[in-house]
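Here are some exercises to work through with the model open in your viewer. Try each task before reading its solution.

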Amino acid sequence: SALEKLQGLRSLGLSFSQTSLSDIFLVSGTIGKMNNLETLQFHAMNCGSISDAAFKRVFEHFSKLKNMKSIDLNFLGCSRIDTGFEKLIESLGKMKFLEILKLNFANCEEIREAGIDYLLEILPGLKYLRSIALEFSYCQHVSMQKLDELKANIDQRHIELHMNNSR
């Protein structure tokens, strides 16, 4: 594919809306082969037809991005993501040079607190992290108490935080 010819790329921005599963699989598999990638903006919004299991497979490819410094993921309205979020967090934990993390999971109604707990677990290993932007608005299975716990943990590490968690 055309993306495979761009293996040496350091920065990549992709945006999908109401896309098909095959498109996301193709792109995420190719991204996983981009060993030099340091900055990724991956927006796949309103993908309610894509299953949680499929998202897990997509996020597995992200674990290969060891040199990532900045990642901006927007899955606004991808309502079926649940344990796939935990797979994403696991992949983020392998990005040891990560400095900037932006996650938008607003209106992802199936995300659970287990994913937030896992995020709390991996944060200490992200030694270079200096800025986090999180969006969990309308994630009905994540309590304000859990988000406050996450905020306190991030504040304690003196990391810049931008969080929106409207109900």
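## Exercise 1: a pair of helices

The axes of α2 and α3 come within 8 Å of each other and cross at roughly 5°. Before the solution, some ground rules: this is a predicted model, where local features need pLDDT of at least 70, side-chain atom pairs count only at pLDDT 80 or more, and totals for chains, interfaces and linings use all residues. Residues are numbered from 1 along each chain as its sequence is written, and side-chain values use heavy atoms, with hydrogens and water left out.

Task: classify the packing of α2 and α3, and list which residues make the contact.

Step 1. Helices (H or I, at least four residues) and strands (E, at least two) are DSSP runs, numbered from the N terminus. Axes are lines fitted to C-alpha atoms, for helices over the stretch in contact, and angles run from 0 to 180 degrees between N-to-C directions.

Step 2. Angles under 35 degrees count as roughly parallel, over 145 as roughly antiparallel, 65 to 115 as roughly perpendicular and the rest as oblique. α2 and α3 are therefore roughly parallel to each other.

Step 3. With contact meaning heavy atoms within 4.5 Å, α2 contributes D52, K56, F59, E60 and F62, while α3 contributes T83, G84, F85, K87, L88 and S91.

Step 4. The contact of α2 with α3 splits into 4 nonpolar, 3 polar and 4 charged residues. Here Ala, Val, Leu, Ile, Met, Phe, Trp, Tyr, Cys and Pro count as nonpolar, Asp, Glu, Lys and Arg as charged, and the others, Gly among them, as polar.

## Exercise 2: a lysine and a helix face

Task: is K87 buried or exposed, and which residues does K87 touch?

Step 1. K87 sits in helix α3. Buried means under 20% relative accessible area, exposed over 50%, and partly exposed in between (1.4 Å probe, protein chains only).

Step 2. K87 has 19% relative accessibility, so K87 counts as buried.

Step 3. Leaving out residues up to four places away in sequence, K87 touches K56, F59 and E60.

Step 4. Now turn to helix α2 (residues 52-62), where D52, A54, F55, V58, F59 and F62 are buried. They cover an arc of only 150° around the axis, so they lie on the same side of α2; the arc is that of the directions from the helix axis to the C-beta atoms.

## Exercise 3: the sheet

Task: what is the strand order of the sheet, and which strands stand at the edges?

Step 1. Two strands pair if DSSP finds at least two bridges between them. The open sheet of 6 strands runs β1-β2-β3-β4-β5-β6, with parallel pairing.

Step 2. β1 (11-17) and β6 (160-164) each have a single partner strand, so one side of each is left without a neighbour in the sheet, and these two stand at the edges. From one strand to the next, the twist averages 5°.

Step 3. For a close look at one pair, β4 (residues 100-104) and β5 (residues 131-135) are joined in the parallel sense over 5 bridges. K102 stands opposite A133 in β5.

Step 4. Helix α3 (residues 83-93) packs on the sheet, touching β3 (70-74) and β4, and its direction makes about 175° with that of β4.
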